[in-house]
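Take a look first, and then we can go through the terms one by one.

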Amino acid sequence: MATTDLYQTLGVPRDAKADDIRTAYRRLAKQHHPDLNPGNKVAEDRFKAVASAYDILSDTEKRAKYDRGEIDASGEARPERPSYRGYAEGERGGRYRQGAEMPEGDFGDLFEDLFAQREAASNAPRRGRDAGYTLTIDFLDAVAGTTKRITLPDGKSLDVKIPPGIEEGQTMRLKGKGNPGRNGGPAGDALIEIHINPHRFFRREGRDIHLDLPVSLSEAVLGGKISVPTPTGAVAMTIPKHSDTGAVLRLRGRGVPAHGGAQAGDEYITLKVVLIDADEALETFLREWSTQHSFDPRAGMMEPS
């Protein structure tokens, strides 16, 4: 078990003069006093150790006994020195006080310094606390950007400018829009967590927009121009002839708009052929067509891998 050295506790040499010991104690006591470190167990223990060391080293008789090894760092007589057993039994409980107490002596000015520091700390300007909010916006507003108004707990309103391309769960920080500071300190910030409602048709991956687009059989086979929805409105797009379900087409720059140095995303359209326009004439045509064109779309699926 490590042995405590009182001189090391105070940070002074073994031949330190009484004034040096007193100065070292005052400095450490101010630094670690519990009143200036509320809730800090380490500082409290350090303060107790400093007070205990000073109690012994500031007393000429105790210091001499400590230097000769007759008492230990707690002020108790060492068991292996029976000649001082009487001292241990007679005085160790009455004259030595352990704990977060100040050693005996005139330390009124030290208390004044401590209280002055506490008062200065309590009156110092302090920054206000941050205020947290959540804001839910529509999918298209998140893509294009918008301005939304939120109501604060005090009844005041705050306009929040949403930048284009904001993502789900992203937190915006509005400086100085949080709780007011104390004693002239600056206000805290408002932290606004963004949530986005899903869209019926669009979905987002990074800065790209994805859309499953229904097309008729005739549009898929014959191709041609059709109107396609995008986050900023409908645009014309050409479907190649003989397009199949699952074919992916791209509209450059029709995804999340460019903002803050980021490049605009694209919109990817996945074609989904629907047969809602099938009728008897189409059925007759396909029967005749299939007799002349042999095609098995599942070829190879039945073979063992």
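Q: What does buried mean here?
A: Buried means a relative accessible area under 20%, exposed means over 50%, and partly exposed covers what lies in between. The model is a predicted one. In it, both Tyr 7 and Tyr 66 are buried, and buried residues make up 31% of the 305 residues in the protein.

Q: What makes Tyr 7 and Tyr 66 a tilted aromatic pair?
A: Two values settle this, the distance between the centres and the angle between the planes. Tyr 7 and Tyr 66 come to 6.2 Å centre to centre and 45° between the planes, so they pair and count as tilted. Tyr 7 sits in helix H1 (residues 6–10) and Tyr 66 in helix H4 (residues 60–67), 59 residues apart, so the pair links distant parts of the chain.

Q: Why is the pair of Tyr 25 and Tyr 54 called stacked?
A: The ring centres of Tyr 25 and Tyr 54 are 4.3 Å apart and their planes are at 15°. An angle under 30 degrees counts as stacked, so this pair is stacked. The structure holds 3 aromatic pairs, and this is one of them.

Q: What does the pair of Tyr 25 and Tyr 54 tie together?
A: Tyr 25 belongs to helix H2 (residues 18–32) and Tyr 54 to helix H3 (residues 41–57), so the pair ties together parts that are 29 residues apart in sequence.

Q: How do you know whether Tyr 25 is buried or exposed?
A: Its relative accessibility is 0%. The cut-off is under 20%, so Tyr 25 counts as buried. For Tyr 54 the value is 6%, so Tyr 54 counts as buried too.

Q: What makes Glu 44 and Lys 48 a salt bridge?
A: The closest N and O atoms of Glu 44 and Lys 48 are 3.6 Å apart. The rule asks for a side-chain nitrogen of Lys or Arg within 4 Å of a carboxyl oxygen of Asp or Glu, so the pair qualifies. Both residues lie in helix H3, 4 residues apart, about one turn of the helix. With a relative accessible area of 28%, Glu 44 is partly exposed, and Lys 48 at 30% counts as partly exposed as well.

Q: How do you know that Asp 130 and Arg 173 meet in a salt bridge?
A: Their N to O distance is 3.7 Å, and the limit is 4 Å, so the label holds. Asp 130 lies in the loop between helix H6 (108–123) and strand E1 (131–137), while Arg 173 lies in strand E4, so the pair ties together parts that are 43 residues apart in sequence. Asp 130 counts as partly exposed at 32% relative accessibility, and Arg 173 is partly exposed at 45%.

Q: How many salt bridges does the rule give?
A: The count comes to 17. Asp 5, Arg 14, Arg 63 and Asp 67 are linked in a network of salt bridges.

Q: What makes Thr 230 buried?
A: Thr 230 has a relative accessible area of 6%, so it is under the 20% cut-off. Thr 230 lies in the loop between strand E8 (224–228) and strand E9 (235–239). Its side chain reaches the backbone oxygen of Gly 233 at 2.4 Å.

Conventions. Residues numbered from 1 in each chain as written. Predicted model: local features only at pLDDT ≥ 70, side-chain atom pairs only at ≥ 80, totals over all residues. Heavy atoms only, no water. Phe/Tyr/Trp six-rings, centres within 6.5 Å; stacked < 30°, edge-to-face > 60°. Helix = DSSP H or I, 4+ residues; strand = E, 2+ residues; numbered from the N terminus. Buried < 20%, exposed > 50% of the residue type's maximum accessible area, 1.4 Å probe, protein only. Polar contact = N/O pair within 3.5 Å; in protein donor to acceptor, adjacent residues only side chain to side chain.
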